[in-house]
Amino acid sequence: MAFVSWIARFGALALAFTAPSAIAQPTAAASFDVLAADARAAMLSDPKTTVDKAIAAERMADAQQPSTERSIRQATAIWLRGEALVRLNDVAAAEPLIARAVKSATRVAPNSKLLGDALLASGWINTVQGDVAPALSDYQHAHSIFQALRDQRSQAKALQSIGSLYADANDFANALKYYDQALGVYKSDPMLALTLYNNRGNALKDLN
């Protein structure tokens, strides 16, 4: 009887030591997800807040045990910070972060929305720097990912970006083609649709 009691106590003691670590990992993952979601939510209205939250999210991910999921969280946080810096027009600071996000996502999450989003940011940076061929490659790669994922909104964004490249090169016929494709894919987002219609109108005016 005493032996059984000792076994029960030993089992309870072992559980007391092992249970917190088993519980801590999903709790850490959930905390990261909340922080990343907050960073995304602030992106349009307050990208500076996104930068701060993304830095905190990256630190949280760094503290986790090595795993594929940890690498994905790190890449997500890095992309969020780089994307926010792009929106703040700090391309010099954004460029290495986006390059890291693309490289990491390509390795641990190929064909993911994360990689597609990072490629869109990379394409924008290349566009700003006048590197048209890499920008087009980034946008086309992103489009193929979003198409495979059936993410129509992101697919339309990639098509719009390709159209804008052609418009910048004064190839308004091809610009219109991609704007029309984007509208055909997705126009339920009022702001995205407004941008596409404005771009299309400008391309039509310049074409004539």
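At what angle do the axes of helix α5 and helix α7 cross? In this predicted model, the two axes cross at roughly 15 degrees and come within 11 Å. The helices in question span residues 113-128 for α5 and residues 152-168 for α7. With a crossing angle under 35 degrees counting as roughly parallel, α5 is therefore roughly parallel to α7. The handedness of this crossing is left-handed. On the α5 side, the contact involves Lys113, Asp117, Leu120 and Thr127, which meet Ser154, Lys157, Ala158, Leu165 and Asp168 of α7. Sorted by class, the residues of this contact comprise four charged, three nonpolar and two polar.

From α8, the contact draws on Phe172, Ala173, Leu176, Tyr179, Asp180, Ala182 and Leu183. The partners in α9 are Ala193, Leu196, Tyr197, Asn199, Arg200, Ala203, Leu204, Asp206 and Leu207. Of the residues in the contact of α8 with α9, 12 are nonpolar, three are charged and one is polar.

The structure holds one aromatic pair, and its members are Tyr166 and Tyr178. The two rings are stacked, with 5.5 Å from centre to centre and 5 degrees between the planes. Tyr178, at 15% relative accessibility, counts as buried.

Attention now turns to the backbone, and to two asparagines in loops. Most residues other than glycine have a negative phi. Asn89, however, has a positive phi of about 65 degrees, although it is not a glycine. Where is Asn89 found? This residue sits in the loop between α3, residues 68-87, and α4, residues 91-108. Its relative accessibility of 68% is why Asn89 counts as exposed. Asn111 likewise carries a positive phi, near 65 degrees, as a residue other than glycine. The setting of Asn111 is the loop between α4 and α5, and the 55% relative accessibility of Asn111 means that it counts as exposed.

Gln74 lies in helix α3. Is Gln74 buried or exposed? With a relative accessible area of 19%, Gln74 is buried, because the cut-off for that class is under 20%. Once its neighbours within four places in sequence are left aside, Gln74 is in contact with Ala61 and Asp62.

Notes: Residues numbered from 1 in each chain as written. Predicted model: local features only at pLDDT ≥ 70, side-chain atom pairs only at ≥ 80, totals over all residues. Heavy atoms only, no water. Contact = heavy atoms within 4.5 Å. Helix = DSSP H or I, 4+ residues; strand = E, 2+ residues; numbered from the N terminus. Nonpolar A, V, L, I, M, F, W, Y, C, P; charged D, E, K, R; others polar. Axes fitted to C-alpha atoms, helices over the stretch in contact; angles between N-to-C directions. Parallel < 35°, antiparallel > 145°, perpendicular 65-115°, else oblique. Left-handed = near helix turned anticlockwise from the far one by under 90°. Phe/Tyr/Trp six-rings, centres within 6.5 Å; stacked < 30°, edge-to-face > 60°. Buried < 20%, exposed > 50% of the residue type's maximum accessible area, 1.4 Å probe, protein only.
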